[in-house]
Amino acid sequence: MPGIFLSYRNIERSYAPMLVDRELSRRFGPQNVFQAGRSNLPAVHFPTEIDRRVDECDLLIALIDRPWVGEDLHLLREPGDWVRREIARALAQGKQVLPVLLDGAEMPRTAELPADIAALTRRIALRMRPRTVDTDLLRLIGEVERLVPELVLVTLMDPAPPKSVGGPALLRAEHQVLPFRHRGELDLLAEWCSASAGPPVKLVVGALGAGKTRLGLRLAAQVRGSGRPGGLLSVTAPAESLDRLGEIGSPCLVVLDDAEARPAQVRAALRSLAAAPEAPARLLLLARSGGDWLDDLRNDADDAVADLVDSIVPLSLAPLRPAEEDFATACGAFARYLGLPLPPLPSDRPETSTLLELQAAALTHVLSPDTPLDRPLRRILGLERAYWRRAGTAFGLPVSSDRVLAEVMAAVTLFGADSEPEADGLLASLRAFRGGPVHAVDSCRDLLRTVLPGPAPLNPLQPEQLAQEFVAEFLDSDHRLADVLDGVSDEQARRALRSLGRCLERHPRISGPVEDFLAAAPGRLLPLALTVLPSVPQPELLVSALSGALDRTPQGELPAVVDALPLRSDTLARFAVDATERALGARDADAGDFTTARLARRLSVRLTYLGERPSDAVEAARSAVEALSALTVSKSAHADFGTAGSVDAELAEAHAALALALDLDPSSREEAVAVGETAVTLYRALPGGDRHDAALATALHNQSIRLRRARAMPAALAAATEARRLVEPLHAQRPTRFRSLYADVLDNLSIVTHLTGDPRKAERLGRETLALRRALEAARPDAYRSQLAGTLFNLGLLLTENERKGAEARQLWDESLSIYDALSVRRPGHYDEPRDRVRAHLHRRKADHDD
């Protein structure tokens, strides 16, 4: 365990040792700061203890006052002087030694000190004076964090849970009441932690109740048992405090639970590790799934972070199923923990699908042996409500009805609070306390600290499954969430939306109340909900509620929703079309202003992406082109052009959107080529830069495909070659961001190269494309699997020119067909055309082979 040793002479003559001890103990924990006057216990052998503490510390702080370098300097010449002995021992072991000069003291000259501590004078010292003591202490803390970043890690970990808790809090994984059941994943992770090389990040995914947290806790305990720091990162740890994770020089483990809901902490830790690839720190992420939240990290502006995320291969954790003896084991464990007699076990053991529900049934039986064991989570909630009522009366809560207590607990569980102002705002907004005396809110705060303990000012009911059961019951009872919106921050609202989205997975019946909540302030809540979708493993039900709330959104609030939409999302594809269409319909279609034109262009792109209503997609793109062309001609500097790009850039985007929409109709292919050429010309006129170069490369790539279809092969090859020339350096500089575009360009170039008579080069390009597609599909199977199937088919076509490679071609087509078959199960009818094309070629190849 990292630690600080305070070395000083005569604690009674200076304020500094006790003040420094107090501040460092407050920041890093008293167990990590040794100050002899406080830390030594009676009957401890002083010399042995001092030597041991110096040996164990990572940093010795030498507090040097004026007598230290004046009348007491001669004491250092004594071999048995304790100050000399402490400093000499630390220096001899190569430990960090930090001198702190007090009250104007000056560093002694090297010649004045014995040889074994003379190196102290070569250390840069800090200064501390009474009039600047607060600033000096902050500087000292910062220097300690720089010299021993392991200490920062220790302070970020969740402390051991209190031993005195009862009720449903005992079901939380942190209490580990039920003995841990060994699983093979623990051995794999332990091997990863102890390896001197390899990836610094691992991701474990599993459904709610799969045992992810217990696994992380067990692994952290094993790491600590080997003498290294390790533990669960606190939800209250500031993201910026993880900036030094990569600087930690000794092996350690940070377990970040519920990673999908903590993007700032995850990103900060990844950036620190990406900047220090040789760092021995290990980061274990625990999440429900590796969905959109992970995709957002793969698109991080820092390519080192994106590449690190690309290297993550999720380890899937299957839920542990209850064994026959688990109920008796759990009952015995809870009885011992609570100091209660073990009641006779019932003859009919409860049938539960998860270990959590089995533990809930066991806890219910221990606390209330006569309570039925069916629906154990609901039974636990009944006991918990009774506890809340008793506690509310004991704390003098003025109104302690079941309805009021349910409202308080639900609001705290959903919205929470990371700061005291957030806590005050939430509680004051509750109906029970509006206009009431201040002491009522204070009493409520005291109650909440007791019944819902945790690190934050307001903490949710735990574990999460129990919280979801409670929230679902609360909403079933016709309670309203929207009443508190005026008193909560956007971050609190975002937390509530995330919790509701996850709750919908187990309790879809609350979709109506969730929709009502969103519709209460759609201009505020819908954009916030879009930001939390990546952290909801199964977001379809939340998207359905969003769609319902969209029907009730005032026209003036629609633009905020549209602006918050991601550029691409399969989950939101239809919602994006609906929202954009509504926002466009709320404007004057004949106004011809920049915002209306941009909305029309977005609608066209989203309809094309969805693959539906091609005529509407064309019409929307045409209206955008006409309006933007008029604005360009008239040089109108409309006030809402915005700063994201000029009207010229938007006009190029509109032509590109029109060309893509025209591609959907085979009869419009000739016009699509002409419009695509215009888009390329407009992109060429824009100033350079990565963004415009990528846009031009995309336009050239799409134009090459059109020209290829039109059999204009020289022009198609020229466009494809130029697209590659533009995107290749972008991919080299930022591979994660531009890998998909680069694969698209190479895929088309391989086909055009083949059609223009260079099969060997075409095959090389095709194989390079396939490698890129496999990397993309491994990172984001939901987004790139269909593209992998297309590239497999294309490469197979290239290989059929060579009879010796016919078997490989059939293997590629077999793989392509299996992918399309699997995708068709999820989206019936959507992949029929490419699947039938692959199947036809396989049948033809087989027939030729049979002949």
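Helices here are DSSP runs of H or I with at least four residues, strands are DSSP runs of E with at least two, and both are numbered from the N terminus.

What you're looking at is a predicted model, where local features need pLDDT of at least 70 and side-chain atom pairs count only at pLDDT 80 or more, while totals for chains, interfaces and linings use all residues. Residues are numbered from 1 along each chain as its sequence is written, and side-chain values use heavy atoms, with hydrogens and water left out.

**The whole protein**

Let's start with the big picture. The protein has 36 helices and 10 strands, and its C-alpha atoms fill a box of roughly 95 × 75 × 65 Å along the principal axes. There are 851 residues, and 52% of them count as buried (under 20% relative accessible area with a 1.4 Å probe, protein chains only; exposed is over 50%, and partly exposed is in between).

Now for contacts, meaning heavy atoms within 4.5 Å. Take those with a separation of 6 or more: 72% come from residues 24 or more positions apart.

**A parallel sheet**

Five strands form an open sheet in the order β2-β1-β3-β4-β5, with parallel pairing. Two strands pair if DSSP finds at least two bridges between them. At the edges sit β2 (33-34) and β5, each pairing on one side only. Further in, β3 (residues 59-64) pairs with β4 over 6 bridges, and Ala62 has Pro99 in β4 as its bridge partner.

Helix α6 (residues 133-147) lies across β1 (4-7), β3, β4 and β5, and runs at about 150 degrees to β5. For that angle, axes are lines fitted to C-alpha atoms (over the stretch in contact for helices), and angles run from 0 to 180 degrees between N-to-C directions.

Most residues other than glycine have a negative phi, and most peptide bonds are trans. So which residues are joined by a cis peptide bond? Gln462 and Pro463 are, with omega about 0 degrees. Pro463 is found in the loop between α18 (438-451) and α19 (464-476).

| Residue | Phi | Loop | Relative accessibility |
|---|---|---|---|
| Arg711 | about 65 degrees | between α30 (690-709) and α31 (713-733) | 65% |
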